[in-house]
Amino acid sequence: MVLYFTPAGAEKTGHILYMGRDKVENEDLIKWGLPEDYWFHVDKMSSAHVYLRVKRGETWDDITEEELEDCAQLVKANSIVGNKENNVGIVYTPWSNLMKLPRMEVGQVGYHDQKLVRRCKVEKRKNEIVNRLNKTKREEFPDLALERDAYDKEIREEKKAHFRAEEDRRLEEERAREADREARSYDRIMDTDNMVSNKDNMKKYASFEEAEDDFM
């Protein structure tokens, strides 16, 4: 089961906020996430794994300040220890930067690149934000593997379509270049400086007859 929430401004951004019910479900979220997912967690404490999914082509620079605060407050509120403390550190990173090794415990992750980890701090819990998010909470049972498979298939089809479009463009450009080469070749053949008219031929014939008369 996955818990979904509506972040502030979602009607404009179209972003999706969700988290796993427990550490076992977090394993599936880690495994089947999408490149557009950004993972949030309380730094150095146990907490829920919260994700914000942006649109295709967007990055974490497209996450609004309101969404960032929503994610930070939600992850703090779902940390047994962090929820009771002030000035709690929050870490967030792209889903693709999460590293899962066989020796790690359930729900535990690391990072491929520390430079891709950002941090913020929550001074205190804001109940108005947590309550607003909880009012939008809904429980769903998505097939995460199937969703990822559909996503990957869509990406493959888009790449194929892009390749076909590029190939069509290349062939069209080649045809245009060939037509231009043929036109230039035809222009050289039809160059008036090298053409002989019927009138010129008649002059040459008349000169030939005169030469024959002189010879006779």
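**Close-up views of a predicted model**

View 1. Arginine 148 lies in helix H5 (residues 144–189); helices (H or I, at least four residues) and strands (E, at least two) are DSSP runs, numbered from the N terminus. This is a predicted model, in which local features need pLDDT of at least 70 and side-chain atom pairs count only at pLDDT 80 or more, while totals for chains, interfaces and linings use all residues. Residues are numbered from 1 along each chain as its sequence is written, and side-chain values use heavy atoms, with hydrogens and water left out. Is arginine 148 buried or exposed? With a relative accessible area of 17%, arginine 148 is buried (under 20% relative accessible area is buried, over 50% exposed and in between partly exposed, with a 1.4 Å probe and protein chains only). Beyond its neighbours within four places in sequence, arginine 148 is in contact with Trp32, Gly33, Leu34 and Trp95, where contact means heavy atoms within 4.5 Å.

View 2. Seven strands form an open sheet in the order S8-S5-S3-S4-S2-S1-S9, with antiparallel pairing; two strands pair if DSSP finds at least two bridges between them. Strand S8 (118–122) and strand S9 (138–140) stand at the edges, each with a single partner strand, so one side of each has no neighbour in the sheet. S5 and S8 run antiparallel and are joined by five bridges. Look for valine 88 here: its bridge partner in S8 is valine 122.

**View 3. Strand S4 between two partners.** Four bridges join S2 to S4, and four bridges join S3 to S4. Valine 50 in S4 is a handy landmark: methionine 19 stands opposite valine 50, and phenylalanine 40 stands opposite valine 50 too. Which residues of S4 point one way, and which the other? Val50 and Leu52 point one way, Tyr51 and Arg53 the other, and all are buried.

**View 4. The largest nonpolar core.** This core has 24 residues, of which Leu17, Phe40 and Ile90 touch the most other members; a nonpolar core is a set of buried Ala, Val, Leu, Ile, Met, Phe, Trp, Tyr and Cys residues joined through side-chain atoms within 4.5 Å. H3 gives the most to this core, with five residues. Leaving aside neighbours within four places in sequence, phenylalanine 40 is in contact with residues including Val50, Leu52, Leu68, Cys71, Val75 and Ile90. Apart from this core lies another, of 14 residues, among them Tyr51, Trp95, Tyr111 and Val117.

**View 5. Helix H3 against helix H4.** Helix H3 (residues 65–77) and helix H4 (residues 127–135) pack at an angle of about 90°, with their axes 9 Å apart. Axes are lines fitted to C-alpha atoms, for helices over the stretch in contact, and angles run from 0 to 180 degrees between N-to-C directions. H3 and H4 are therefore roughly perpendicular to each other (65 to 115 degrees counts as roughly perpendicular, under 35 as roughly parallel, over 145 as roughly antiparallel and the rest as oblique). Glu69, Asp70, Gln73, Leu74 and Ala77 of H3 meet Ile129, Val130, Arg132 and Leu133 of H4 in this contact. H3 also lies across S1, S2, S3, S4, S5 and S8, running at about 45° to S3.
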